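Hi,

Here is the structure I promised to pass on to you. Have a look at it first, and then read my notes below.

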Protein chains: 2
Amino acid sequence: MINIVAKNIVKKEKIEEFKLLAEKLVKESKKEKGCISYDLYEDIDNSNILTFIEEWIGEEAINLHNKSEHFTTIVPKLRELVESGPEINLYKKCK
Amino acid sequence: MINIVAKNIVKKEKIEEFKLLAEKLVKESKKEKGCISYDLYEDIDNSNILTFIEEWIGEEAINLHNKSEHFTTIVPKLRELVESGPEINLYKKCK
């Protein structure tokens, strides 16, 4: 199992646009076979910090996700709406 | 529900010490009533990036956690072992 945290600092005037696009990405990603969970989270103190927290069964599933139509069309659009990021970490749970 | 991501860049020579202390913090925190999940994760590409990913039922539970004996004794020790961090974000899930 691999957990991904992808943190974005979104331009203040682009928050709603980011959320709308992200909603579509979340919906399609959740349909993928190797996806355990995939959601967008908002920082409770800074509404322009928007972070994807994801769980995947393994690296192969993530590689397929990165090549998927929804990923390759939506992610470049999201990157135009950020001040900085995404800051991406792939994690495995410590025993 | 509130999700916490607390990312630490740990001094390379202190990784094992950090993990040992974190193990105790994880174990005790999981016993708290308002804790849904609480685990330590290691970045798959950088073994000195160690991040707590947590789920709590709400702010009150987090306030109690921050005052708990295990938190107030272990967290200051962890902070001595990092190069930078913790970078902490509290999140709510976007609808």
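**How the two chains meet**

In this predicted model, 23 residues of chain B are in contact (heavy atoms within 4.5 Å) with 22 residues of chain A. Between them the chains bury about 2,300 Å², 59% of it on carbon and sulfur atoms; buried area is the accessible area (1.4 Å probe) that two parts lose on being put together, summed over both. On the chain B side, Tyr41(B), Ile44(B) and Tyr91(B) lose the most area to chain A, together 27% of what that side buries.

Chain B superposes on chain A by a rotation of 180° with 0.0 Å of shift along the axis, at an RMSD of 0.0 Å (least squares on C-alpha atoms of residues with pLDDT of at least 70 in both). That is the relation of a two-fold axis. Val5(B) is the residue of chain B that comes closest to this axis, at 4.3 Å (C-alpha). The copies meet through the same surface, because 96% of the interface residues of chain B are also interface residues in chain A.

Six salt bridges (a side-chain nitrogen of Lys or Arg within 4 Å of a carboxyl oxygen of Asp or Glu) cross the interface. One salt bridge joins Lys92(A) and Glu42(B), at 3.9 Å, N to O.

A note on conventions: residues are numbered from 1 along each chain as its sequence is written, and chains are lettered from A and ligands numbered from 1 in the order written. Local features need pLDDT of at least 70, side-chain atom pairs count only at pLDDT 80 or more, totals for chains, interfaces and linings use all residues, and side-chain values use heavy atoms, leaving out hydrogens and water.

Best wishes
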